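Subject: Structure handover

Hello,

After it come the notes on what was found.

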Amino acid sequence: AQRLARKLCSNCKLPLDIDEYHKDKLNLSDEEVTALFKPVGCAHCSDTGYQGRVALFETLWIDTEVRKAIIRGASEEEIIALAQDYTSLAKDGRRKFINGLTSLQELQRLAVVL
């Protein structure tokens, strides 16, 4: 799966004071919390707070065990449990939020996180 998220404008983004609810929901450490940003708006981004797009991806690499599970008709949950290298949309979105590429509001708009 994939989604296009709006990318925070690098000219006007400001640090975000995240509430405890979202900090817990996103399982953010104290170090990660200091690197979060929110959209503001400026002349460069037409007062939207966003400029450009960043892709969010859900990826599942197929190895021998996963291939065997797929062939025998295993459930999605079982296949994900067997996967050695699986990244959900939420996990990729979380990573891009922590790296300052997009905002919590954008991830919520895309229904990637609560």
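Buried stands for under 20% relative accessible area and exposed for over 50%, with partly exposed in between (1.4 Å probe, protein chains only). On this scale R6 is partly exposed, at a relative accessible area of 26%, while E106 is buried at 0%.

Please note that this is a predicted model, in which local features need pLDDT of at least 70 and side-chain atom pairs count only at pLDDT 80 or more, whereas totals for chains, interfaces and linings use all residues. Residues are numbered from 1 along each chain as its sequence is written, and side-chain values use heavy atoms, with hydrogens and water left out.

Salt bridges

The structure has seven salt bridges, each defined as a side-chain nitrogen of Lys or Arg within 4 Å of a carboxyl oxygen of Asp or Glu. One of them pairs R6 with E106, with 2.8 Å between the closest N and O atoms. This pair links distant parts of the chain, 100 residues apart: R6 belongs to strand β1 (residues 2–8) and E106 to helix α6 (residues 104–109). Helices (H or I, at least four residues) and strands (E, at least two) are DSSP runs, numbered from the N terminus.

Another salt bridge joins D92 and K96, at 3.0 Å from N to O. Both residues lie in helix α5 (residues 89–98), four residues apart, or about one turn of the helix. D92 and K96 are both buried. As for shared partners, salt bridges join R6, E106 and R109 into one network.

E78 and R72 also form a salt bridge, at 2.9 Å from N to O. Here E78 is partly exposed at 32% relative accessibility, and R72 is exposed at 52%.

Rings

A charge counts as sitting over a ring if NZ of Lys or CZ of Arg is within 6 Å of the ring centre and within 35 degrees of the ring normal. R6, already named for its salt bridge with E106, also lies over the face of Y50, 4.1 Å from the ring centre. K13 lies over the face of F37, at 4.6 Å from the ring centre.

Helix α3

Just after α3, G73 has a positive phi of about 80°.

Regards
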